[in-house]
Amino acid sequence: MVNWSGIIAGAAMFIFTGIFHPVVIKCEYYFSAKVWPVFLVLGLASLAVSVYAENNIVSDVAGILGFILLWCIHELKQQEKRVAKGWFPRNPKRM
């Protein structure tokens with residue numbers, strides 16, 4: 001029997017990373033890095049789903065999503081620094 005769980009987990013990692021890269025940039029632009037608690041709650045909720053899911057693939061994908069959401073907290077702080085350096089545009093409505 002073929003085991004697809006590794007391929008599915010890898011695809012989930014690729015897709016979630018691709019989705020949350022621009023999400024972090026947009027969140028910092030519109031809301032600032034102060035939106036990090038949203039990522040914390042969603043990340044912890046995803047990790048809880050991962051722990052309690054009975055299906056291995058659901059558990060794997062939820063765990064990957066949870067850790068990517070937690071990593072977004074770090075990236076929000078880094079994005080704030082990139083904006084301060086002028087590498088990304090600052091939202092003129094938040095000045």
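A: Let's begin with Trp36, which is partly exposed, with a relative accessible area of 33% (buried means under 20%, exposed over 50%, and partly exposed in between, using a 1.4 Å probe and protein chains only). Keep in mind that this is a predicted model, where local features need pLDDT of at least 70 and side-chain atom pairs count only at pLDDT 80 or more, while totals for chains, interfaces and linings use all residues. Residues are numbered from 1 along each chain as its sequence is written, and side-chain values use heavy atoms, with hydrogens and water left out.

Trp36 lies in helix H2 (helices are DSSP runs of H or I with at least four residues, strands are runs of E with at least two, and both are numbered from the N terminus). Setting aside residues up to four places away in sequence, Trp36 touches Ile73, Leu76 and Lys77 (a contact means heavy atoms within 4.5 Å). Another residue to look for is Leu69: it sits 33 residues from Trp36 along the chain, and their C-alpha atoms are separated by 9.5 Å.

Now follow Leu76 to another of its partners, Glu28. Glu28 touches Leu76 too, along with Ala33, Gln79, Glu80, Val83 and Arg94, again not counting residues up to four places away. You will find Glu28 in helix H1. At a relative accessible area of 4%, Glu28 is buried.

Arg94 leads us on to Ser32. Beyond its neighbours within four places in sequence, Ser32 is in contact with Cys27 and Arg94. The loop between H1 and H2 is where Ser32 sits. Ser32 is buried, with a relative accessible area of 8%. Its backbone deserves a glance as well: phi of Ser32 is near 75 degrees, a positive value in a residue other than glycine.

Ile64 is placed in H3, and at 18% relative accessibility it counts as buried. Leaving aside neighbours within four places, Ile64 is in contact with Ala9, Ala12, Met13 and Phe16. Ala9 is 55 residues from Ile64 along the chain, and the two C-alpha atoms are separated by 7.6 Å. Val58 is also in helix H3, but counts as partly exposed, at 42% relative accessibility. From Val58 to Ala45 there are 13 residues in sequence and 13 Å in space, C-alpha to C-alpha.

Met13 also turns up in the largest pocket. Its lining consists of Met13, Thr17, Phe20, His21, Val24, Phe67, Ile68, Trp71, Cys72, Glu75 and Arg82 (on a 1 Å grid over the protein atoms alone, a pocket is an open set of points where a 1.4 Å probe fits, with protein on both sides within 12 Å along at least five of seven lines; lining residues have an atom within 4 Å of a point). H3 gives the largest share, with six residues.

Finally, step back to see the whole chain. It has three helices and zero strands, and reads α-α-α along the sequence. The radius of gyration is 16 Å, well over the 12 Å that the globule rule gives for 95 residues, so the chain is more spread out than a compact globule (the radius is taken over C-alpha atoms, and the rule is 2.2 Å times the number of residues to the power 0.38). Along its principal axes, the C-alpha trace spans about 55 × 25 × 15 Å. Buried residues make up 29% of the 95 residues. Of the contacts with a separation of 6 or more, 69% are between residues 24 or more positions apart.

How confident is the predictor in this chain? The mean pLDDT is 95, and 99% of the residues reach 70 or more (pLDDT is the predictor's confidence in each residue, from 0 to 100). Confidence is lowest in H1, at a mean of 95, and highest in helix H2 (residues 36-52), at 98.
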